[in-house]
Amino acid sequence: STTIFLEDISCMIFDERNLNCTWITSKKAQNDSQYFFSTCIQGKNLTCEHYWKTLHHQHTGCHIQNNNKISELVYACVHVLSGQSLSAIECKQFEPRKIEKLNPPKNLFVDEEMKLKWGPPNTSIKNMDCFIYQLNESALLRKMWKVIDNDRSTIYQPAVNIK
């Protein structure tokens, strides 16, 4: 029977250039198994230099900082070594737009009409029309701003007149 060494590999891109990948080790894997990570980003092969480890020093994740924006498919591979020999290689392919965690926009501002506006976040995603923004309304925000919904956008205006 075939031994399953990994249950899952998952990855996340943040700040356009950073890649975090984690994996769940199988309970069926041998105790002496060790896991090594490599990836291919935009044709460049990279190996992990910063591992996350369990108390038993078993690798369970990796952080890679890339010099360029990650805009093409990411191929993530975990190499499983048991004893001194390679036991398995598990690979998974990711689309950056599906695994990128976007930062909130830094350019939040109030315009001359006292409307709250912001631009798109920094990202390597090319089609900017596909973004949907969500503003988390708190009680304080609701006291300070009134919400005006129209068919294409939501506008926040001051709830009180400022003289």
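Visitor: What should I keep in mind about the model and its numbering?
Guide: It's a predicted model, so local features need pLDDT of at least 70 and side-chain atom pairs count only at pLDDT 80 or more, while totals for chains, interfaces and linings use all residues. Residues are numbered from 1 along each chain as its sequence is written, and side-chain values use heavy atoms, with hydrogens and water left out.

Visitor: How many helices and strands are there, and what makes a stretch count as one?
Guide: The protein has two helices and 13 strands.

Visitor: Why is Glu16 called buried?
Guide: Buried means under 20% relative accessible area, exposed means over 50%, and partly exposed is in between (1.4 Å probe, protein chains only). Glu16 has 9% relative accessibility, so it counts as buried. Glu16 sits in the loop between β1 and β2. Leaving aside residues up to four places away in sequence, Glu16 touches Asn68, Lys69, Ile70, Glu100, Asn122, Thr123 and Ser124; a contact here means heavy atoms within 4.5 Å.

Visitor: What makes Gln42 stand out in its backbone, and why is it called partly exposed?
Guide: Gln42 has a positive phi of about 50° although it is not a glycine. You'll find Gln42 in the loop between β3 (33–41) and β4 (44–47). Its relative accessibility is 29%, so Gln42 counts as partly exposed.

Visitor: And why does His57 count as exposed?
Guide: Because its relative accessibility is 55%, His57 goes down as exposed. His57 also has a positive phi, near 65°, without being a glycine, and its place is the loop between β5 (50–53) and β6 (59–65).

Visitor: What makes a group of residues a nonpolar core, and which residues have the most contacts inside the largest one?
Guide: A nonpolar core is a set of buried Ala, Val, Leu, Ile, Met, Phe, Trp, Tyr and Cys residues joined through side-chain atoms within 4.5 Å. The largest has 24 residues, and Leu19, Trp23, Tyr35 and Phe37 have the most contacts inside it. At least two residues of this core come from each of β1 (6–14), β2 (18–25), β3, β6, β7 (74–82) and β8 (85–94).

Visitor: Which residues does Phe37 touch?
Guide: Not counting residues up to four places away in sequence, the list includes Cys21, Trp23, Tyr51, Ile64 and Val78. Val78, in β7, also stands opposite Phe37.

Visitor: How do you know that β3 and β7 pair?
Guide: Two strands pair if DSSP finds at least two bridges between them. Nine bridges join β3 to β7, running antiparallel, so by that definition they pair. They belong to an open sheet of four strands in the order β4-β3-β7-β8, with antiparallel pairing.

Visitor: Which strands make up the five-strand sheet, and why are β5 and β9 its edges?
Guide: The order is β5-β6-β2-β1-β9, an open sheet with mixed pairing. β5 and β9 (100–101) each have a single partner strand, so one side of each lacks a neighbour in the sheet. Inside the sheet, β1 and β2 pair in the antiparallel sense over eight bridges, with Asp8 having Ile24 in β2 as its bridge partner.
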